[in-house]
Amino acid sequence: MNKTSVIIASVLATAALYSCNSDDNNTYESTFARNMIVAVSDPAGTTKYTATVASFTMDMYSPQESKMVIATIKKPDGKIINMGTCENLTLGASTTQMDYTFKPNTATTYLNFNEDMPATLSGTLSALAWNVSRTSNTSIKMTFSGGDRMSAFGADLGFFSNTSVIDTQNPDSEPFITNDVATNNVRIEMSADTEKKTANVYMYQANFDKEMKKKIDFMIEGVKYDINAESGVLTLRIDEAIPYLLTNNIKGDPMPSYKITDFECTIWEGFSMPGLFKFTCGGRYELTASLVEKISKPEDDKE
């Protein structure tokens, strides 16, 4: 069995995320839905946000007959429309990680969404990628007739990280490096309140120093998010925040000694490059990280 087959079989085995339907006519349909945060901008730069749902239906025997359904979105003029169904998308599966991409399978200029707002793909439909938080990273980028642009990200994103930590109290020491699946994992959970546009950011098994005896889980609340609909970039920022200890993923006591300052995170549409992630912790540790969906293992490099 080749890698693509293994990936598809593995994902299909997880029925909690989507439903499957097969019959005797060589069809094997799989559907999964994702909560999305959508930004739509007009040429003048006016942007409206919507919390909505996108669902993807894939026929593993006929991948060129895949389709996507997006619920309501808000246009820059304030009008709320139902996007409807986009059919005749081709499903593609990565051979290096568990993800799917969708694209039009003909040279047709427009995708058949709402008749009043036809659209064409200006980026990719990156649909399903497994990662540390056992969620699926999703992003969509489109251009509409008339020049409006849309960029959307799954409301719940998760990544491994390759980190470098500098101890500013010991400037002559070497940076502390982590790049394994069990350390400094990151999850981003964006609120459906698109007026406040805040997110919770979680860090699991955080470790900033080789002398740190115990890894910890913590969360940062109230991080502001913004989506650039033209470039397809998600950014998250907060100047300072007191993180909260997590125990079994339950919010616990505040940790003022771990005060977070100058927090920034950047994620690209399609997850085409590693996300950028940085902050200072406790006024001492300066962490910079690349957020990735796959951590290479030694055996991977030999292939």
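Tutor: Strands here are DSSP runs of E with at least two residues, numbered from the N terminus. The model is predicted. Start with a loop. Asparagine 249 sits between strand S16 (244-247) and strand S17 (250-254). Its phi is positive, about 70°, although asparagine 249 is not a glycine. Most residues other than glycine have a negative phi. Asparagine 249 counts as partly exposed because its relative accessibility is 44%, between the 20% and 50% cut-offs.

Now move into a strand. Glutamine 205 belongs to S13, residues 198-206. Here too phi is positive in a residue other than glycine, near 55°. With 33% relative accessibility, glutamine 205 is therefore partly exposed.

Next comes tyrosine 225. Strand S14, residues 216-228, holds this tyrosine. Its relative accessible area is 2%, so tyrosine 225 is buried; the limit for that class is under 20%. What does tyrosine 225 contact, leaving aside neighbours within four places in sequence? The partners include Ile37, Tyr49, Met190, Asp193 and Thr194. Lys197, Thr198 and Ala199 are also among them, as are Leu234, Thr235 and Leu236.

Serine 191 is another of these partners. In sequence, tyrosine 225 and serine 191 are 34 residues apart. In space, their C-alpha atoms are 9.3 Å apart. The tyrosine 225 side chain reaches the backbone oxygen of serine 191 at 3.1 Å.

Terms used: Residues are numbered from 1 along each chain as its sequence is written. This is a predicted model: local features need pLDDT of at least 70, side-chain atom pairs count only at pLDDT 80 or more; totals for chains, interfaces and linings use all residues. Side-chain values use heavy atoms; hydrogens and water are left out. Helices (H or I, at least four residues) and strands (E, at least two) are DSSP runs, numbered from the N terminus. Buried means under 20% relative accessible area, exposed over 50%, partly exposed in between (1.4 Å probe, protein chains only). Contact means heavy atoms within 4.5 Å. A polar contact is a pair of N or O atoms within 3.5 Å; within protein, one must be able to donate a hydrogen and the other to accept it, and residues adjacent in sequence count only if both atoms are side-chain atoms.
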